Amino acid sequence: MNKPQKGSLAIISGPSGVGKSTVITEVLRRRPDLYFSVSFTTRKPREGEVNGVNYYFVDVPEFERMIRDGELLEYANYSGNYYGTSAKLIDEKLSAGIDVLLDIEVVGSKIVHDKRPDTPLIFVIPPSFEVLSQRLHGRHTDPEEVIQRRLERAKEELKEVSRYDYLVVNDEVSQAANEVLSILCAERCRTSKRIDLIKED
Ligand code: 5GP
């Protein structure tokens, strides 16, 4: 039996403040073979964020150059800042047989899904809207005006949920991470992705 050649791509979306990063950190702890795509953004770094780890922080002219030169698999404007995924970085990993996880918002997820329809889409929701508001206020990283904009955007994003294949409620991080890991596992076992295993040499 042969080993499958290419890695698989999966997308996680969910409103800002839902705790995606915490869930993803737990997923990566338990699946260290997984590559988490570091996005490019024009947003200013929050306290504690490190360039090249959380994001590649670039200015607007540089981001717009990347758009013009076709370097991005997808990009979107979110709360006044650009966010985008490098096509080259992702392709390198997938070609090396490494599974890749993207944390991107709903506009970007649609762009990737249109280009690669077999990409599973996972949406993480909070247990309630009140909990989301509490979490955004509790992290003390953004001014009230930014929080309100993010809450408005969250309402819009929740309308997109039916387009997603999987819904994960982030009430308890380890349970949410279990669900994401189960989804990734099931996706890896799809016959369409493993058909090479039974092909004769
Ligand atoms: P934050 O500013 O809270 O780190 O991220 C804001 C939103 O941008 C989140 O919903 C996150 O999923 C999304 N995001 C992060 N990176 C990308 C990206 O490369 N492309 C797109 N389309 N969205 C992204």
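Modeller: Before we start, a polar contact here is a pair of N or O atoms within 3.5 Å. Please also keep in mind that this is a predicted model.

Colleague: How far is a polar side-chain atom of S39 from an oxygen atom of the ligand?

Modeller: The cut-off for a polar contact is 3.5 Å between N or O atoms, and that is the limit to keep in mind for this pair. The polar side-chain atom of S39 and the oxygen atom of the ligand are separated by 2.7 Å.

Colleague: Which elements give two or more residues to the shell around the ligand?

Modeller: The ligand takes up the space of the largest pocket, and 18 residues surround it, with R43, Y55, Y83, D103 and E105 as the closest. Sorted by class, the shell holds seven charged, six polar and five nonpolar residues. The elements that contribute two or more residues to this shell are β5 (72–78) and β6 (81–86).

Colleague: Is S79 buried or exposed?

Modeller: S79 is found in the loop between β5 and β6, and its phi is positive, at about 50°, although S79 is not a glycine. The limit for a buried residue is a relative accessible area under 20%. Because the relative accessibility of S79 is 16%, S79 counts as buried.

Colleague: Which backbone nitrogen does the side chain of T41 reach?

Modeller: T41 lies in strand β3, which covers residues 39–41, and T41 is buried, with a relative accessible area of 0%. At a distance of 3.0 Å, the side chain of T41 reaches the backbone nitrogen of R43.

Colleague: How far apart in space are V38 and L181, C-alpha to C-alpha?

Modeller: V38 has its place in the loop between β2 (35–36) and β3, and at 8% relative accessibility V38 counts as buried. Along the sequence, V38 and L181 are 143 residues apart. In space, from C-alpha to C-alpha, V38 and L181 are separated by 19 Å.

Colleague: With which side chain does the side chain of D142 make a polar contact?

Modeller: D142 lies in the loop between α5 (129–138) and α6 (144–158). Its relative accessible area is 17%, so D142 is buried. At 3.5 Å, the side chain of D142 makes a polar contact with the side chain of T141.

Colleague: What is the distance in space between S174 and E26, C-alpha to C-alpha?

Modeller: S174 is placed in helix α7, residues 173–188, and S174 is partly exposed, with a relative accessible area of 32%. The side chain of S174 makes a polar contact with the side chain of E172 at 3.0 Å. Although S174 and E26 are 148 residues apart in sequence, their C-alpha distance in space is 7.1 Å.

Colleague: What separation do the C-alpha atoms of E179 and S79 have?

Modeller: E179 is found in helix α7, where E179 counts as partly exposed at 29% relative accessibility. E179 and S79 are 100 residues apart along the chain, and their C-alpha atoms are separated by 29 Å.

Terms used
Residues are numbered from 1 along each chain as its sequence is written. This is a predicted model: local features need pLDDT of at least 70, side-chain atom pairs count only at pLDDT 80 or more; totals for chains, interfaces and linings use all residues. Side-chain values use heavy atoms; hydrogens and water are left out. A residue is near a molecule or strand if one of its heavy atoms lies within 4 Å of it. A polar contact is a pair of N or O atoms within 3.5 Å; within protein, one must be able to donate a hydrogen and the other to accept it, and residues adjacent in sequence count only if both atoms are side-chain atoms. On a 1 Å grid over the protein atoms alone, a cavity is a set of points where a 1.4 Å probe fits but cannot get out, and a pocket is an open set with protein on both sides within 12 Å along at least five of seven lines; lining residues have an atom within 4 Å of a point. A molecule sits in a cavity or pocket if more than half of its atoms lie within 2 Å of its grid points. Helices (H or I, at least four residues) and strands (E, at least two) are DSSP runs, numbered from the N terminus. Ala, Val, Leu, Ile, Met, Phe, Trp, Tyr, Cys and Pro count as nonpolar, Asp, Glu, Lys and Arg as charged, and the others, Gly among them, as polar. Buried means under 20% relative accessible area, exposed over 50%, partly exposed in between (1.4 Å probe, protein chains only).
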